[in-house]
Amino acid sequence: MTPDIQRPLPDRNPISAPFWERADQRVLALPWCKKCDQTHFPPSPRCPYCLHDAFEWRPVSGRATLVSWVVFHRAYWDGVAAELPYNVCQVELEEGPRLISNLVGAAKEAPRHGMALKVTFTDRYPDITLPVFDAA
Amino acid sequence: MIDKSISGKYAVVGVGQSAYGKFPEKDDFHLAADAFADALDDCGLEKDKIDGLAVCRLPHYGRMAEILGIQPRWTLQVPPHGRMSGVSIVEALAALDAGYTDYVVLLYANIGRSRRVQYGGEESPGFWDPWGFTSMGAIHAMMFREHMERYGTTTRQLAEVPVAFRRHAVMNPAAVMREAFSIDDHENARMICDPLRLLDYCLINDGAVCLILTSLERARDLKKKPVVVAGVGAQDALVNYSYPQHDFWYEPLTKVADQVYGMAGIGHDDVDSLMVYDNFSPTVLFSLEGLGFCKRGEAGAFVEGGTLGLGGKLPANTDGGHLSNSYMQGWALNVEAVRQVRGECGERQVPGCETVQYVAATPCTRSIIYRAA
C-alpha cells in the first residue's frame, strides 16, 4: 500500500460494475454477447456487433501481448503526483479486445512491442484492486 | 460518394483572425467578433448578405449571431474538437451546394490559455482513468511508441517536424512562439509523456479564426482573388474509439486520399504546400504515410533533412502550425492555406504556390485541397 498515491476511481455504473466487481476478486473478465457470442470492450449497453443487450461475463486467460506503452512525467490528477514517473501500457488480450493498463515487474523494466504478458493484480492503491500486466 | 461536381464551385473569400496569445480580459465571443471583423474587411462583403453560421468551441450560436448582428437561415454548432474544423468546412460546402446558405461564416474561438484548460484529468473523465491514462497527448505518445517499435522511427526524426514548424513561426509576426530551436534542443526538452516531450505538444493559447465561403460566381464580386475548394475527402474511424488508433489512421487516410486527389484531379506532386494537423508532432508523420507522400512506416526517413521546411520538398504548416503559431485546432491552418494560394505570406510565402492541401488525421479524418480559381 502506498497511501500517498490515489488513483482516480472507476465509474461503477450498471454497465461497467461487473468488470470492477470481478477485478475486486482478482479476476479479469470480459462481457460475451448472449446472442452472437462475441466479446467487446469497454463494456457497452448493447453488443456493438448485433445490438443484443444481455451479456455473460467470463474470466479470460490473462494472456496478452504488449502493443505499446508510455511513461507519464506529468500528473493530471493531484493523487498521482507522488507516483511520477509512472507507465501506462496498451495490451491485446488473447481473446481479442485491447486493454489500457500498467506494466509491472520485468515487463516494466524492459518493455518490447509484441512481448508476451500475463495479468496480475496490484494492491498498491488503497481504494482499488487493478489488473496490471507482467512478463509471461 | 461525395459528388465530384462540387470541385471548384465554392470559394473561401474571406479569412480573419484575432490576436493570438493570452487575453484574460476577453471572452470567446469577443475574440470571435475580432476575427469576424477581420475576415469581413478581408473580403469586403456586406455583412447583411451573410445567411449561414457555423460555430465551434464557442458557447452558443445564438449569442454569437446576436453579437455580430447576423440573421442566418442555416446554423450549425459543433463540439470543441479539432477534427471539427475540417468537418465544418465540408458541411458548409454541402449547405452551399444545397442552397441552404449563399454566404456562410465559420467561427472558432479558444480561451483555453487564460482559463487554464488542462486537456486531461478531471476535465475529461474516461474508462482508463484508474490506470492513470488521460489526455490526447498520451494517446499520441502511445501511438508513436508503437510506430517506433514497429518501424524503427526515432525521436530525432520526429524532431524534424517541430523544428521545421518553429522556423516558419519565426517568419510569422502573428505566431505565439518565435524562437528557433534545434533537433538537440528537442531531444533535451522536458518529457511530458515519454516518448513525447514538451516541443511535441501543441501550444495552448487564446485566439479566434473566421472563414467566409460562397460560390465562385459570387466570389468574383469580392475584394480578393477567390481560392476554390478543388477537392474534399472524409472518413471517420469511430469503431474502437476508446483506444489509440491501431493503424495510425492509415486506412481512413488512404480513403480520404483517394477522394480528395480524385476530386481535385491532381496527385501528390501537385501539392505546393501541406497544412497538416499537428496537435502532436507524430500526427504529421502518420498523415504523410496515410496520404501516400511516403510509404507506410517510412515517414521518419521522409522528413529527415528539412523536407517539411520552406525550400524543402514539401513545405508544411508555413504559419508554424499548432506547435508554434497558434492552437486554433485546424482553423488557422485553413486560413494559412488560403493565404498561401493568394500569395499573401511575405517572408514565409511558398514561391509559385497554387495548390495547398489541408489534412487532419483524427477520428474524423478530413482533407481539403485549395487552389487558385
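# Two chains, one contact: a quick briefing

Across the interface of chain A and chain B, 15 residue pairs are in polar contact, both residues at pLDDT 80 or more; a polar contact is a pair of N or O atoms within 3.5 Å, where within protein one must be able to donate a hydrogen and the other to accept it, and residues adjacent in sequence count only if both atoms are side-chain atoms. This is a predicted model, where local features need pLDDT of at least 70, side-chain atom pairs count only at pLDDT 80 or more, and totals for chains, interfaces and linings use all residues. Residues are numbered from 1 along each chain as its sequence is written, chains are lettered from A and ligands numbered from 1 in the order in which they are written, and side-chain values use heavy atoms, with hydrogens and water left out.

**The A–B interface**

- Chain A puts 34 residues into the contact and chain B puts in 32, with contact meaning heavy atoms within 4.5 Å.
- Together the two chains bury about 2,900 Å², 65% of it on carbon and sulfur atoms; buried area is the accessible area (1.4 Å probe) that two parts lose on being put together, summed over both.
- One salt bridge turns up across this interface, a salt bridge being a side-chain nitrogen of Lys or Arg within 4 Å of a carboxyl oxygen of Asp or Glu.
- B:E149 and A:R112 meet through their side chains in a salt bridge, at 2.6 Å from N to O.
- On the side of chain A that touches chain B, the elements giving two or more residues are α1 (17–24), β3 (63–72), β4 (86–93), β5 (98–101) and β7 (130–135) of chain A; helices (H or I, at least four residues) and strands (E, at least two) are DSSP runs, numbered from the N terminus.
- β3(A) gives the most to that side, with six residues.
- The residues on that side of chain A split into 23 nonpolar, seven polar and four charged, where Ala, Val, Leu, Ile, Met, Phe, Trp, Tyr, Cys and Pro count as nonpolar, Asp, Glu, Lys and Arg as charged, and the others, Gly among them, as polar.
- β3(A) also pairs with β5 (residues 191–194) of chain B, antiparallel and over two bridges; two strands pair if DSSP finds at least two bridges between them.
- Within that pairing, A:V71 has B:D194 in β5(B) as its bridge partner.

**The sheet in chain B**

- Chain B has an open sheet of nine strands with mixed pairing, in the order β3-β2-β4-β7-β1-β8-β11-β10-β9.
- β3 (74–78) and β9 (273–276) of chain B sit at the edges with a single partner strand each, so one side of each has no neighbour in the sheet.
- On average, neighbouring strands of this sheet are turned by 25 degrees against each other, direction ignored; axes are lines fitted to C-alpha atoms, for helices over the stretch in contact, and angles run from 0 to 180 degrees between N-to-C directions.
- Helix α1 (residues 28–43) of chain B packs on the sheet and touches β1 (10–17), β4 and β7 (207–215) of chain B, its direction making about 125 degrees with that of β1(B).
- Helix α2 (residues 61–68) of chain B packs on the sheet too, touching β2, β3 and β4 of chain B.

**A salt bridge within chain A**

- A:R7 and A:E83 meet in a salt bridge (3.0 Å, N to O).
- A:R7 lies in the segment before α1 of chain A and A:E83 in the loop between β3 and β4 of chain A, so the pair ties together parts 76 residues apart in sequence.

- Most residues other than glycine have a negative phi, and most peptide bonds are trans.
- A cis peptide bond joins B:D194 and B:P195, with omega about 15 degrees.
- Another cis peptide bond joins A:F41 and A:P42, with omega about -10 degrees.
- A:L51 has a positive phi, near 70 degrees, and is found in the loop between β1 and β2 of chain A.
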